[in-house]
Amino acid sequence: MKVEDLHKHFLTREGRLEVLKGVSFEVREGEFVSVVGPSGCGKTTLLRLVGGLDSPSSGRITIDGKSPDPSLHRLGFVFQEDSLFPWRTVWENVRFGREVRGMEGEREVGELLERMGLRGFERCYPHQLSGGMKQRVAIARALAVDPDLLLMDEPFANLDAQTRWILHQDLTRIWEEVRKTILFVTHNVEEAVYLSDRVLVFTVRPARVKRVLRVGLPRPRDKLSAGLVKLRKEVVELLREEVPYL
Amino acid sequence: MIRFSREPLYASLLPLGVLLLWEALSRMVHSSFFPGVGEVLGSLWTLLTKGDVEGIRLHEHALHSLLRVLGGFSLACLTAIPLGILMGLREGIYRLSKPVLEPVRFIPPLAWIPLVILLLSGYWRYLFVIWLGAFFPILLNTISGIKRTSPTLVEVSRSFGAGKGTTVKKVVIPSALPEITSGMRVGLGVGWMCIVAAEMIGGERVGLGRLILKYSELLRVDMVVAGMITIGVVGLLMNEVLLRAEKRLFIWRREVSL
Ligand SMILES: Nc1ncnc2c1ncn2[C@@H]1O[C@H](COP(=O)(O)OP(=O)(O)OP(=O)(O)O)[C@@H](O)[C@H]1O
Ligand SMILES: [Mg+2]
């Protein structure tokens, strides 16, 4: 996946709101890339553009050489806010994308639920689940279509530290098993360096890529290892340049 | 330890009080236009066992009324739901039709009656009046249910490459279904309340509305009240049954509206 000189602005009542101003980067197949940036800098906007849910003002995004199109590419989108269908059980939620794409096979759904630690919850409705469980279901639903690209928008933002920590480990394990290309948005620096191969640090709005950091540490990683802590510090320093009071 | 719930006891206290008050008032007024509880119960019994002046029994009246209301209600569902979905999806259609629909909504079914007498005949008269009562609650609830669909859920569907039609079928309609259903319940109730108006102009001699009109001409207030009570009880039962069905159907919702 490749993003070249991407610009995006919105026309609002107050006038033209410049959100992305010349964003360029690349994500290789099977790579886990995080985007960190100040709140409101345009991270969600970027993901929506990459996912083909909105179109850029100028610049180019290509996935396998073609512009993003959800009916062409197999994408898995995990949203920042609650996004499960409340009228569908866990099982039916996870099947959703497969139904839309006309993919047969219940076995894959079962395996995925097992892998995501959702066994025994198949027949629960979203309102019966904890926040962490809901995010697991949302991730399982995205993975269920066997996506070429997984787009995750702060999937763990609303979880407590402990649940978040468990999900980090699970996500790492699953990513190692399936090796999906992941573009992961967060404003949690610890999360970004722990999970990713590379971290893109964004500037404040209008956003550009400020710096790209390669993590380059073998997995499984230790959040408190000297290497990760050093990287965390580096990212925080970069963000402080953007938002001084951080 | 077994605990006996006192709730049924409390719940029956108020109706009991109302009955007592009614009986007391009727004894004080002492007029044939203010029948007591016993008299009305007696009339109900007579209607059930022997029938009215023409020998038509209460359950026949109720059944005919019910069938008419169900007819008009079905027609209302068939028209209001598709239209509501369309209007909920297309802001333009909604805005265009609003200046027509909104004033019409406030014309009571009774006001339509002269027109209906002139323009329609037979069963169509019942259908139209009841349709009129049931149509708007269903339409408005359908529109608001459709419009209230979470944009995030629509995006989930789009992100999987679903087209507009698939998204409507798999996301918009299921998410609006509870509101559509409660619109149907309210619509059925309003349609039922239009039964007297409808039977004022439908020709036949059978029906709960007809029963009331018949006895009001004869100044038999006890029979009129018996008919009113039957309308109230049947309406209540329908509402309860549907409310229960809704709770069961939409178990995924935390709350179910009244
Ligand atoms: N459809 C839209 N119309 C107008 N403005 C928009 C629209 N979508 C986003 N914006 C604006 O663009 C800016 C960036 O929004 P975006 O949601 O991408 O930020 P973000 O980096 O994801 O923030 P957060 O970290 O809080 O999730 C915000 O100022 C927002 O108000
Ligand atoms: Mg965001």
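Is Val29(B) buried, partly exposed or exposed? With a relative accessible area of 45%, Val29(B) is partly exposed, a class that lies between buried (under 20%) and exposed (over 50%), with a 1.4 Å probe and protein chains only.

This is a predicted model, in which local features need pLDDT of at least 70 and side-chain atom pairs count only at pLDDT 80 or more, while totals for chains, interfaces and linings use all residues. Residues are numbered from 1 along each chain as its sequence is written, chains are lettered from A and ligands numbered from 1 in the order in which they are written, and side-chain values use heavy atoms, with hydrogens and water left out.

Val29(B) belongs to helix 1 (residues 7-29) of chain B; helices are DSSP runs (H or I, at least four residues), numbered from the N terminus.

| Residue | Place | Relative accessible area |

Contact means heavy atoms within 4.5 Å. Setting aside residues up to four places away in sequence, Thr152(B) touches Phe79(A), Glu81(A), Asp82(A) and Ser83(A). With neighbours within four places in sequence likewise left aside, Glu54(B) is in contact with Arg205(B) and Lys214(B). Glu54(B) and Arg205(B) are 151 residues apart along the chain, yet their C-alpha atoms are separated by 8.8 Å.

Notes
Helix = DSSP H or I, 4+ residues; strand = E, 2+ residues; numbered from the N terminus.
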